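Hi,

Here's the structure I promised to pass along.

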Amino acid sequence: MELRVLRYFLAVAQTRNITHAAQQLLISQPALSKQLSDLENELGTTLFIRGHRQLTLTSAGEYLQARATEMIDLANKTTANIKVDQVISGELTIGAGESIGMQRVMNVISNITQDYPDIKIHIRSGNAMETEEQLSNGVLDFAVIMGKRPLEQYHYLQLPECDTWGAVIQNTDVLAKHAEITPHDLINRPLLLSEQAVKDQRFQNWWGNLGEKMQVLGTFTLVFNAELLVKSNGSAMITFDHLLDTSDQSNLTFRPLAPQLTEPITIIWKKNTVQSKVAQLFIDRLRATLNLND
């Protein structure tokens, strides 16, 4: 598959109309139709269902759209970084979950962009599994992961910060009077849990044999959306500290779990990969904040 043809495919997938896509790409409609037909023949599958007014992606088309987007992003980033001469420019892409450790990363990035304004930064949100997959595919330069995970296949830097688990509840909740939240405090309380933490069975040891009495209302990937539910129905959200506004004006409060439950924060990047000047600059600047030598 040629990148040019993938760009054509993505244009059609976005507009769902060959005529509009052809106008956007500045090529003729018959030429674009032939490119799509050739691509389907090459892959041995149908990518679009041809309707009267618009096209609809098949399941194979949806899969190709996701993968083609990653390949085009990677090609664009590679081209931008290769074009770097003496002046440091290019693109830096970082994937991360929600964490207090991102403040250090953002401070480093802010300093870099002030010194080198031609650098473009892309931040992608996702859980550890998603960001590791994108890192392996070359879509990301770096991933920020929370929790203990195998690191043998990566270069990495451990941040001094750590994320502390706790419960976010309404200020008027009886649990707001507690300094800490124990498993017994959460028995039969509606709980909202991190989807990643549930998959990793992160709380199994913490609540022990009380697990059967835990009422898990649902899971979330972004704390902002779950925050709205806490405000609406009074459930307790188990999440990291410092991710939400828990000032008096927010009507929410954070109470740490007891026994304490924390997660390490790690920056990882691929081994056996020649880093761009931008990526190496980020590594050097981050190391400097940790007082580490090469």
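**What turned up**

Phe240 is buried, with a relative accessible area of 9%. Keep in mind that this is a predicted model. Trp165 sits in strand S6 and Phe240 in strand S9 (residues 236–240), so the two tie together parts of the chain 75 residues apart in sequence.

Trp165 is buried too, at 5% relative accessible area. The structure holds six aromatic pairs, and another one joins Trp165 to Phe203: the ring centres are 5.0 Å apart and the planes are at 80°, so this pair is edge-to-face. Here the partners are 38 residues apart, with Trp165 in strand S6 (154–170) and Phe203 in the loop between helix H7 (195–199) and helix H8 (204–207). Phe203 is buried as well.

Now for the overall picture. The protein has 294 residues, 45% of them buried, and its secondary structure comes to ten helices and eleven strands. Along the principal axes, the C-alpha atoms fill a box of roughly 70 × 55 × 40 Å. If you take contacts between residues at least 6 apart in sequence, 72% join residues at least 24 apart. The accessible surface is about 16,000 Å², and carbon and sulfur atoms account for 48% of that. As for charges, there are 26 positive and 32 negative ones, and their mean positions are 4 Å apart.

Cheers

Terms used: Residues are numbered from 1 along each chain as its sequence is written. This is a predicted model: local features need pLDDT of at least 70, side-chain atom pairs count only at pLDDT 80 or more; totals for chains, interfaces and linings use all residues. Side-chain values use heavy atoms; hydrogens and water are left out. Helices (H or I, at least four residues) and strands (E, at least two) are DSSP runs, numbered from the N terminus. Buried means under 20% relative accessible area, exposed over 50%, partly exposed in between (1.4 Å probe, protein chains only). Contact means heavy atoms within 4.5 Å. Accessible areas come from the Shrake-Rupley method with a 1.4 Å probe; for residues, only the protein chains shown count as cover. Lys and Arg count as positive and Asp and Glu as negative; His and the chain ends are not counted. The place of a charge is taken as NZ of Lys, CZ of Arg, CG of Asp or CD of Glu. Rings of Phe, Tyr and Trp (its six-membered ring) pair if their centres lie within 6.5 Å; planes under 30 degrees apart count as stacked, over 60 as edge-to-face and the rest as tilted.
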